[in-house]
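Subject: The structure, and what turned up in it

Hello,

Here is the structure I promised to pass on to you. Have a look at it first, and then read on for my notes.

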Amino acid sequence: MMWFWRSVVGKLWFTILLLVSCVLFVLTMLLLKFFETYHVQEAEKELTQLAVKVSEVMEEHEDEALARSIASSLVGHTSRAIIMVDKTHYWYLPSHSELRNLPLSFIEKDEELKQAFTKRKQVKKKTYLPNVQAQNDRNSEWLIVGVPLLTADGKQGAVFVYQSLKAVEDTTKQTTKFIFLAAFIAIVLTTVFAFFLSTRITAPLRKMRQAAFEVARGKFDTKVPILTHDEIGELAMAFNQMGRRLQFNINALNQEKEQLASILSSMADGVITFNRDGEILITNPPAERFLQAWYFEQGNEREMMAALPPQVKDLFTRVVNEEQEQAAEVTLQGRTWVILMTPLYSQTAVRGAVAVLRDMTEERRLDKLRKDFIANVSHELRTPIAMLQGYSEAIIDDIAATDEEKKEMAKVIYDESLRMGRLVNDLLDLARMEAGHMTLNVETVQLRPYIERIIHKFQGLAKEKEIDLSAEFRSEDMHMTIDPDRIEQVLTNLIDNALRHTNEHGMVKVIVERSGDAVTIHVQDSGSGIPEDDLPFVFERFYKADKARTRGRSGTGLGLAIAKNIVEAHKGTITVHSKLGEGTTFTFTLPENKH
């Protein structure tokens, strides 16, 4: 039942049925009243005409018997009449005794009927007769019509014609039955027609409702069939146009969303969008990395605004309150982020903010490297320049008394100039390597004679320090395609470092082995070792693990950086393993035929 009232078909059907029922009810009542009055009026009219004819017959014929006979034939069997001249002269028509049911006393006592005598006018009255002989007429009302009479011999009287209204009532009942039957048929036809009409009208609406549900589920290509060309058909056309327009707009929004997502994803800078309450709406991968670093540092899960760094919270508060662009710098997990936050407006009010995060770690590192480079170069050049200046002034001022002293001073000046030259050359080589301008002159080299030749150059220094310098080849007939000069530079640097940091009676060994398509070379020593904290930085420029910058023992600090660049230019890798007091092992691996 509830479905019926929620249905457009039910409501429309019930409305039409109720409207037609009300109209039919009013029309039926009016028709019943009309036919009831109409039948009575017709009966009055017929009885009046009959009474007038009887009166005329009695007036026109002098033969009273003939006149009564004609009048009796006129009265017939449905009506009855009484011709009354006075109390002693009256006649009933028809003359059957059982039909004499209107006594003279009733007429004489009735003031309204008496006017046919006294006032000589027609009278009409509906009443119940006191002496009704016919069983069927006892409970029915009678209609009496009286007209004045003037007989042929000049006597005045009246003619009363009366008839039972039972026939009228029967006719009225038949008419009522017919009207009710017609109303019932009309109701049935209206019900069927209303249901058919409402179903026909609402069928497109039901299809449109189904289509609307489909559109609500995201199927924007759903179409409503156009069954008619009326307003409902136009509504279906408008619905289809709306669906196409929605599909077009959704596609456009998706494209813009995808473009925005692609732009945000491809941006090197992080982007975070906040609403008015400070909740995060949109982020991109760099911003996610920033947030993850903060969550990791705090050791908790993401909790929207509560999980943001305090600097970001304060920045957001200032942006919303002051409605101006703000900037801040945040350091998380050893990385430096610069945050630029700008308010977002909805017409005139601030509806949130957008923050752009730039990872400045590399810039800060490069800036630090630049400063360290300048400081290190200045430091490395200061000592030889000071010595050059001091010894040259000593020579100029003739402080050296003998030629041997002058030669010794000149030798120091020469050594320091060589040292400065090596530093400058190393700097130039490293700059070219890091810029990618290093050219490799590759050739196939037999490793055993190649390694032995390099080791031979350091045998004199090794004997001087009483260090055992040797080579171990774990595979026979090894050869590789390399740049021999550059790899010799790497080995020279590693062996020189090993000899300088190994005490007397120590050991330095070069181990060569093949592993698959690559050759691995180890430079192992039993020296003092490198502190664990210094191991990650030994390949950086000017980094010196021993922290000693005394002339003669410490190098320029560029050798390992150059070695690393050379190995990587050969598509190889270089690593270091060391432990204080137990020695150090540098290992580099070179793939074969990769150039």
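Let me start with the strands. β3 (residues 123-127) and β4 pair in the antiparallel sense, with five bridges between them. If you want a landmark for that pairing, look for K124, which stands opposite V145 in β4. On the β5 side, β4 is joined to strand β5 (residues 156-164) by nine bridges, and these two strands also run antiparallel. There, G146 stands opposite F160 in β5.

Please keep in mind while you browse that this is a predicted model.

How enclosed is strand β4 by the rest of the structure? Of its nine residues (142-150), eight are buried, so the strand is largely enclosed. As background, side chains in a regular strand alternate between the two faces of the sheet.

Another strand to look at is β7 (residues 280-283), where you will find I280. I280 has a relative accessible area of 10%, under the 20% cut-off, so this residue counts as buried.

Now to the salt bridges. A search of the whole structure finds nine of them. One of these is between the side chains of R453 and E488, at 3.3 Å from N to O. R453 belongs to helix α12 (residues 447-457) and E488 to helix α14 (residues 484-500), so this pair ties together parts that are 35 residues apart in sequence. E488 also meets the side chain of K457 in a salt bridge, here at 2.8 Å from N to O. K457 lies in helix α12 and E488 in helix α14, so this contact links parts that are 31 residues apart in sequence.

R474 is partly exposed at 47% relative accessible area, and E472 is partly exposed at 29%.

Which residues make the nonpolar one? They are L181, F184, I185, V188, L189 and V192, and the patch covers about 580 Å². F184 sits in helix α6 (residues 166-216). Its relative accessible area is 55%, over the 50% cut-off, so F184 counts as exposed.

The other patch is one of negative charge, where D403, E404, E405 and E408 gather on the surface. D403 has its place in helix α11 (residues 403-434), and this residue is exposed too, at 56% relative accessibility.

Best wishes

Technical notes. Residues numbered from 1 in each chain as written. Predicted model: local features only at pLDDT ≥ 70, side-chain atom pairs only at ≥ 80, totals over all residues. Heavy atoms only, no water. Patch = residues over 30% accessible without salt bridge, like charges linked within 9 Å, V, L, I, M, F, W, Y side chains within 5 Å. Areas by Shrake-Rupley, 256 points an atom, 1.4 Å probe, with all protein chains shown as cover. Salt bridge = Lys/Arg side-chain N within 4 Å of Asp/Glu carboxyl O. Helix = DSSP H or I, 4+ residues; strand = E, 2+ residues; numbered from the N terminus. Buried < 20%, exposed > 50% of the residue type's maximum accessible area, 1.4 Å probe, protein only. Lys, Arg positive; Asp, Glu negative; His and termini not counted. Charge placed at Lys NZ, Arg CZ, Asp CG, Glu CD. Pairing = 2+ DSSP bridges.
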